Amino acid sequence: MDVLHNLAFGFGHALTVENLLYCAVGCVVGTLVGLLPGLGPLATISLLLPLTYSIPATGALIMLAGIYYGAQYGDSVSAITMRIPHASSIVACIDGYQMTLKGKTGLALFTAGVSSFIGGTVAIVVLAWLAPLLGHVALLFGPADYCALMLFGFLCVSFVTTGSLLNGFSMCLVGVLLGQIGTDVETGLERFTFGLPALADGVSLVSVALGCFGIAEITKNLDAKDERTPFNGRINLIPTWPEFKRIIPSALRGSVVGSLLGIIPGGGPVIAQFAAYGIEKKFSKFRDEIGAGAIEGVAGQAAADEAAARTSFIPLMSIGIPENPVMALMMAAFILKGVQPGPNMIANHPDLFWGLVASMWIGNCFLLILNVPLVRFWLSVFKVPYNVLFPSILFFCCVGTFSVNNNLNDIMITASFGLIGYVMMRLELDPAPLMLGFILGPMLEEYFRRAMLISGGSLKTFILEPISASLLGLTALIVVAQIVLSLRKRPDGLRRGMA
Amino acid sequence: MKNLAIRVLVLLLGAVFAQGAAAQSYPARPIRIVVPFAAGAFPDIVARVVGQKMSADMGQPIVIDNRPGAGGNIGTEAVMRAAPDGYTLLLNSVANAIGKSLYPNLSFDPAKGVALISQLTSVSNVLVVPPSSNISSLGNLIDQARTRKLKFASGGNGTTSHLAGELIKTMAKVDMEHVPYRNFGQALTDVMAARVDFVIPNIPPTIAQIQSGQLKAIAVTNSRRSPLLPEIPTMSESGLPGFDVSSWNGLAAPLGTPEPIIARLNAEVAKALKDPEVARALSGQGADIVFGSPAEYAALIDAETTKWAAVVSAAGAQVK
């Protein structure tokens with residue numbers, strides 16, 4: 001029971017008045033970042049880093065970590081209420097927003113909050129018990145395995161598509177093409193940039209997501225005065241007992257998926273949300289309702305997103321490898337505090353490691369309060385008239401887009417995607433599979449080419465690597481099963497009626 | 001009121017006196033240091049550590065503005081276009097010296113299109129292999145490269161980790177496969193897991209793995225050994241005489257920044273680099289602190305630009 005002893009030691013550090021305060025500040029800032037459309041934790045932490053120079057190491061890192069996981073906690077709120085996603089709450093725009101359209105905003109927010117709490121708790125258990133061991137999981141995944149994982153991920157297209165599957169796949173391919181814009185990592189050559197320096201590094205995920213969902217939605221509201229988004233800031237948060245019971249299994253599944261994808265570099269919250277959504281669509285008892293505003297569609301992704309955000313600390317703290325830009329920044333924060341993240345960190349700075357883990361659980365409780373009972377206060381902004389509300393939302397979208405690379409061009413790119421998104425909406429084309437293609441496509445290409453470079457051009461590498469082989473086998477199995485099932489034409493309507 | 005009076009005087013007396021007056025009241029508002037790399041990268045840490053001390057000394061906040069992309073060109077160009085008033089500075093680096101030959105079609109000169117203030121640090125790269133590797137020395141690596149095609153990872157096309165590998169290829173006349181990565185963490189994990197034979201990154205992002213034995217250091221690329229890894233030989237000592245690669249960085253401003261402001265910033269950099277806290281933070285990461293006059297820094301950039309032009313052209317790495 002070493003871990004319990006260590007956790008008690010950690011709580012001893014996390015429960016001092018100052019550290020509680022830093023944790024609370026981190027969570028509040030994180031919540032605000034999560035609530036404001038488009039703003040991400042990367043820009044916020046980068047901006048607030050100088051404020052931590054005079055704070056002791058443990059307190060500073062507790063606060064910065066709080067901003068990161070706090071931002072993931074509340075990032076579904078704007079997706080649920082306004083269809084404005086953050087990078088890691090794109091799928092919340094599907095069921096979460098459908099729930100709002102049905103007048104169930106409160107239930108969706110409650111579900112997202114409680115699921116995040118469950119996701120956070122599961123991830124902390126993983127972090128405390130397995131962090132030293134799990135760091136090495138990151139080493140198990142090579143380019144071939146990642147490539148297979150991305151291919152597996154493309155299966156989710158059929159899950160995130162709400163309309164016709166053909167449309168879904170086409171949009172996914174459009175997303176893959178959009179992902180090609182930018183500099184090719186292998187040759188350094190630019191692709192589809194039309195010589196514009198603004199496109200040299202590609203278009204950012206935030207630009208595409210904000211444009212295709214949020215800005216398109218606002219534009220729609222402008223041209224149809226009678227069909228305005230029904231959400232008016234009034235919510236009923238308390239679910240019925242049967243509703244509450246539906247949250248738990250989905251959130252637990254999402255937590256496991258999120259925890260796993262958080263550990264491997266290249267995974268993280270962005271991928272975890274799609275995986276969790278796909279799993280719900282496949283295994284949930286209520287899978288037939290998902291896509292039309294089901295609790296499961298919100299619970300799984302919210303839990304996975306939060307769990308992945310927390311377990312992504314594992315590679316950083318156990319092998320010293322930052323797996324995403326936010327973790328690279330956290331690594332800088334550790335270094336600026338004179339702590340070298342890496343294999344020796346837990347042994348050299350046990351107070352810091354266990355204090356941070358313990359603070360994550362305290363933060364989890366703060367965030368539950370901030371995001372469930374207090375969400376009413378945040379949402380009172382909706383009482384503002386539309387002609388003030390919409391411009392302010394657009395303003396925050398601009399700030400959020402700008403903050404990704406501090407680049408004005410990105411605002412223009414977001415605006416262009418707003419237009420594209422609006423046209424797509426009028427043509428009833430689905431933006432969710434487009435996002436999936438946009439995220440997975442470039443990674444699939446990069447890993448495939450790297451796997452080929454390393455294997456000397458032999459495709460056998462995909463069969464010889466056990467992880468890759470199993471994932472490819474699983475992908476093939478699901479595709480075949482799907483085809484067989486659709487040929488047998490399962491009487492779906494009948495089953496749904498009985499359930 | 002005094003400030004207002006000075007401004008009126010400035011208006012009346014024109015540009016000649018403007019410079020002196022601006023320097024006297026400088027800095028009157030926050031200063032921005034553009035770092036053309038992602039937040040958390042080593043140049044970003046340098047800017048934050050040095051900027052924090054300069055800010056305390058100069059009594060104005062110093063804001064770090066990360067403008068990553070296109071090998072540092074996006075951030076560099078942004079600074080070159082900024083007003084030359086001393087309130088926008090650039091953390092320039094070896095990437096600016098490489099950039100000129102890497103991107104021959106650039107409309108600006110990333111190395112010389114700025115007014116230099118001072119160099120800040122120089123950090124060696126280090127050749128690391130997986131702990132299980134049978135590569136025991138640089139000589140051994142070159143021998144193995146003659147019998148099988150070794151693969152080396154890098155942080156991307158045209159980075160020092162890529163070009164140091166290309167330099168081994170030209171100097172030792174061997175052929176090796178370059179495997180570029182966008183996410184440097186994944187380059188490290190692939191080397192740690194022995195999927196790739198070696199990588200030659202800067203010391204800072206690998207020091208923890210070297211010290212804990214997850215990566216084995218073979219040679220440092222600088223012309224002298226690193227105080228942090230005193231037992232690791234240089235490349236020059238171990239079979240490639242004259243091999244000298246280091247990743248340096250420094251502070252610059254837009255061309256046309258008034259001379260008194262450059263001098264003031266140079267003095268502030270000198271003061272900041274002498275601070276024990278700054279020294280501890282930077283040398284703890286394996287960086288050497290280097291202070292010099294703008295002219296000395298210009299000489300370094302000149303020499304480096306020439307050196308990398310040869311490496312880039314030998315490697316055929318130009319991006320056109």
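Let's begin with the cysteines. In this predicted model, a search over all chains turns up 0 disulfides. A disulfide is a covalent bond between the sulfur atoms of two cysteines, so the distance between sulfurs is the thing to check; the cut-off used here is 2.5 Å.

Cys365(A) is partly exposed, at a relative accessible area of 28%.

Now to the charged side chains. Side chains of opposite charge can pair when their charged atoms come close. Counted over all chains, the structure holds 32 salt bridges.

One of them links Asp57(B) to Lys53(B), with 2.8 Å between the closest N and O atoms. Both residues sit in helix α3 of chain B, which covers residues 42-58, and they are 4 residues apart, about one turn of the helix. Asp57(B) is partly exposed, with 25% relative accessible area.

Helix α10 of chain B (residues 259-274) holds another pair, Arg264(B) and Glu268(B), again 4 residues apart, about one turn of the helix. In this salt bridge the closest N and O atoms are 3.1 Å apart. The two partners fall into separate accessibility classes: Arg264(B) is partly exposed at 26%, whereas Glu268(B) is buried at 6%.

## A network in chain A

Some salt bridges share partners. In chain A, such bridges join Asp184(A), Glu186(A), Arg191(A), Glu445(A) and Arg449(A) into one network.

Back in chain B, the side chains of Glu237(B) and Arg225(B) meet in a salt bridge, at 2.7 Å from N to O. What does this pair tie together? Both residues lie in the loop between β9 (216-220) and β10 (246-254) of chain B, so the bridge ties together parts that are 12 residues apart in sequence.

How accessible are the two partners, Glu237(B) and Arg225(B)? Glu237(B) counts as partly exposed, with a relative accessibility of 47%. Arg225(B) counts as partly exposed too, at 35%.

Technical notes
Residues are numbered from 1 along each chain as its sequence is written. Chains are lettered from A and ligands numbered from 1 in the order in which they are written. This is a predicted model: local features need pLDDT of at least 70, side-chain atom pairs count only at pLDDT 80 or more; totals for chains, interfaces and linings use all residues. Side-chain values use heavy atoms; hydrogens and water are left out. A salt bridge is a side-chain nitrogen of Lys or Arg within 4 Å of a carboxyl oxygen of Asp or Glu. Helices (H or I, at least four residues) and strands (E, at least two) are DSSP runs, numbered from the N terminus. Buried means under 20% relative accessible area, exposed over 50%, partly exposed in between (1.4 Å probe, protein chains only).
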